Amino acid sequence: MRQDFHSSIDPSWARHARAANGFGDAIVVDATHGSAPGQSVGCAASRPLRWADAVANALRILADAARARAAERRQRRLARETFLVLNGLDGRALRDLGFDRSEIASVAYELAGLAEPSRARPKRCTRGR
């Protein structure tokens with residue numbers, strides 16, 4: 001009697017080998033029945049689905065990275081434009097805004113959201129009170 005290949009493999013070893021393929025969210029296929037738990041699809045039919053899922057996940061990761069890079073570029077462009085505008089002001093206008101010329105770069109980065117606010121905000125006191 002010829003023994004079936006799937007029945008000669010230890011099921012726990014086969015599940016471990018399939019789960020360790022590098023894709024953490026891959027479907028673990030039951031080696032004894034040739035299908036994932038709760039599914040009636042055979043191994044050959046489920047393999048293209050797993051690769052499609054892996055490709056879709058990779059594309060999703062790349063799209064998220066591209067969106068994050070675009071958002072960072074927008075923030076840097078805003079910081080650069082803010083720096084150029086503030087750098088064009090004279091010392092008196094900068095003092096009226098509440099900072100010195102040496103703080104222009106940090107103010108631009110804070111306003112663009114690329115740095116945490118670091119300067120103290122004093123309370124305004126009105127005369128006579």
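Let's start at glutamate 110, which sits in helix H5, the stretch covering residues 104-112. Keep in mind as you look around that this is a predicted model. With a relative accessible area of 14%, glutamate 110 falls under the 20% limit and so counts as buried. Its side chain has a partner there: a polar contact of 3.0 Å links glutamate 110 to the side chain of serine 118.

From here, turn to the nonpolar residues. The largest nonpolar core has five members: Leu86, Leu94, Phe99, Ile104 and Val107. Valine 107 is a handy one to click on. Once its neighbours within four places in sequence are set aside, valine 107 is in contact with Leu86, Phe99 and Arg119.

Now for the charged pairs. Side chains of opposite charge can pair when their charged atoms come close. How many salt bridges does a search of the whole structure find? The search finds two.

One of these salt bridges joins the side chains of arginine 67 and aspartate 64, with an N to O distance of 2.5 Å. These two residues are three apart in helix H3 (residues 43-87), so about one helical turn separates them. Arginine 67 is exposed, at 52% relative accessible area, while aspartate 64 is partly exposed at 41%.

The other pairs arginine 76 with glutamate 72, and here the closest N and O atoms are 3.4 Å apart. Both residues belong to helix H3 as well, four residues apart, or about one turn of the helix. Arginine 76 is partly exposed, with a relative accessible area of 39%, and glutamate 72 is also partly exposed, at 29%.

Notes
Residues numbered from 1 in each chain as written. Predicted model: local features only at pLDDT ≥ 70, side-chain atom pairs only at ≥ 80, totals over all residues. Heavy atoms only, no water. Core = buried A, V, L, I, M, F, W, Y, C linked by side-chain atoms within 4.5 Å. Buried < 20%, exposed > 50% of the residue type's maximum accessible area, 1.4 Å probe, protein only. Contact = heavy atoms within 4.5 Å. Polar contact = N/O pair within 3.5 Å; in protein donor to acceptor, adjacent residues only side chain to side chain. Salt bridge = Lys/Arg side-chain N within 4 Å of Asp/Glu carboxyl O.
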